[in-house]
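Hi everyone, thanks for coming.

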Amino acid sequence: MGMFILRRLGVMILTALCLTFIVFFLTNLYPNLEKLAKTQGNMRMTDEQVESWLGNRGYLQPLPVKYGEWLGVLPSKQIENADGKLVGRCLDPGVDPADAPRFCGVLQGDWGYSTVFKEPVAKIVSIRLALTGKLMFWVMMLMVPSALILGVLAGMREGSRTDRTLSTVAITTTATPEYVSGVILIAVFASSAVGLKWFKGTATSAMESANFENFFLPVLTIALYGMGYIARMTRASMAEVMTAQYIRTARLKGVSFPNIVMKHALRNALIAPFTVIMLQIPWLLNGVVIVETLFNYKGFGWVLVQAAGNNDIELLLGVSVVSVIVVLITQLISDIGYVYLNPRISVS
């Protein structure tokens, strides 16, 4: 198992480097840099002024050099601008160039400075990631148990009325986009007498205090959309397990149906849904943009939209790094969990 994890970590690091380089390349295309120069400088800047602005700040260096500096594996160069001042990634305001560190990239914890929020990228990402993490926690607490119960109940007796009813519910929730279900829930709960009594809070206030009143609607909106997919996967896996030979043998031996489900079928039926559940974490991290916007919840997805819409290159890169790390870690956990759940797989 140890060698398996080490191999997976090696693949993860290589994948992270490739993905971050691709994102770095795309965000540092010249049209983006030109837009950044005009946004931070003057929208009426000429092409020569744009070149000068970018050159004085190190944006026109070769791409591998810029990527190495941003990553923190190459020393940051100090460039003399048109005013005769030295500028560079490691030169913060008020710091003597002689005392500035040589390396100041992602590996050193320096993720750059946001041009929109005027704050360090690491600080912004950590705050917004914590807010979305709080939202993700309650979504998973509602979505996963509900989906598994629906899927198991539907798959226990394939083709029955219960199976058809629960499958219809699962398909309906998955086929309904978040912006539709969110608007419907707001109209039903936030405008009705019951809603005004029980749901007085808002998702904005949930950023300060997580309680039932202000978290219920956004959590329910996200959970309904993801729940159907997990339920359908669980139902298909459960239905397949219930037709296996060892289940038929258990029935012929007179084992009660509840014991067959709980002791023999359930564990094997949860192998496939486990992988799907782990894939929901990256989706929740980046895919809740619509819900966060709808309920004015300024989390990780909201920051992603702000960074992309305002061409905040450093912040966009920071968000991308976190997204890549989360995806790779969840894949590693999924692989390890799959090995433990499936006794037919051995790791040498």
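Before we start, a word on what a pocket is. Lining residues have an atom within 4 Å of a point. Grid points are joined across faces, edges and corners, and a volume is the space filled by probe spheres set on the points.

Please keep in mind that this is a predicted model: local features need pLDDT of at least 70, side-chain atom pairs count only at pLDDT 80 or more, and totals for chains, interfaces and linings use all residues. Residues are numbered from 1 along each chain as its sequence is written, and side-chain values use heavy atoms, with hydrogens and water left out.

Now, the second largest pocket has a volume of about 310 Å³. It is lined by 15 residues, and I13, A16, L107, V321 and I325 are the closest to its centre. Helix 1 (2–27) and helix 16 (313–341) each give at least two lining residues, and helix 1 has the largest share, with 6. Helices here are DSSP runs of H or I with at least four residues, strands are runs of E with at least two, and both are numbered from the N terminus. What classes of residue make up that lining? There are 14 nonpolar residues, 1 polar and no charged ones. Ala, Val, Leu, Ile, Met, Phe, Trp, Tyr, Cys and Pro count as nonpolar, Asp, Glu, Lys and Arg as charged, and the others, Gly among them, as polar.

On to the cavity. The search of the whole structure finds 1 cavity of 30 Å³ or more, and the largest cavity holds about 30 Å³ of space. Helix 5, helix 6 (161–175) and helix 10 (212–242) are the elements giving two or more residues to its lining. The lining of this cavity has 5 nonpolar, 1 polar and 2 charged residues; R232 and R235 are among the residues there.

Let's step back to the whole protein. It has 16 helices and 2 strands, and 41% of its 348 residues count as buried. Buried means under 20% relative accessible area, exposed over 50%, and partly exposed in between, using a 1.4 Å probe and protein chains only.

A nonpolar core is a set of buried Ala, Val, Leu, Ile, Met, Phe, Trp, Tyr and Cys residues joined through side-chain atoms within 4.5 Å. The largest one has 59 residues, and W70, V125, V139 and L315 have the most contacts inside it. Helix 5 (residues 121–156) provides the largest share, 13 residues. Apart from this core lies another, of 13 residues, including V152 and F257.

W70 also belongs to helix 4 (residues 63–71), where K66, Y67, G68, E69, W70 and L71 are buried. Just after helix 4, G72 takes a positive phi of about 100 degrees.

Is M278 buried or exposed? M278 is buried, because its relative accessible area is 10%. Leaving aside neighbours within four places in sequence, M278 is in contact (heavy atoms within 4.5 Å) with T330, I333 and S334. M278 and I329 are 51 residues apart in sequence, and their C-alpha atoms are 9.8 Å apart in space.

Definitions and conventions. 1 Å grid on protein atoms, 1.4 Å probe; cavity = no way out; pocket = protein on both sides within 12 Å on 5 of 7 lines; lining within 4 Å.
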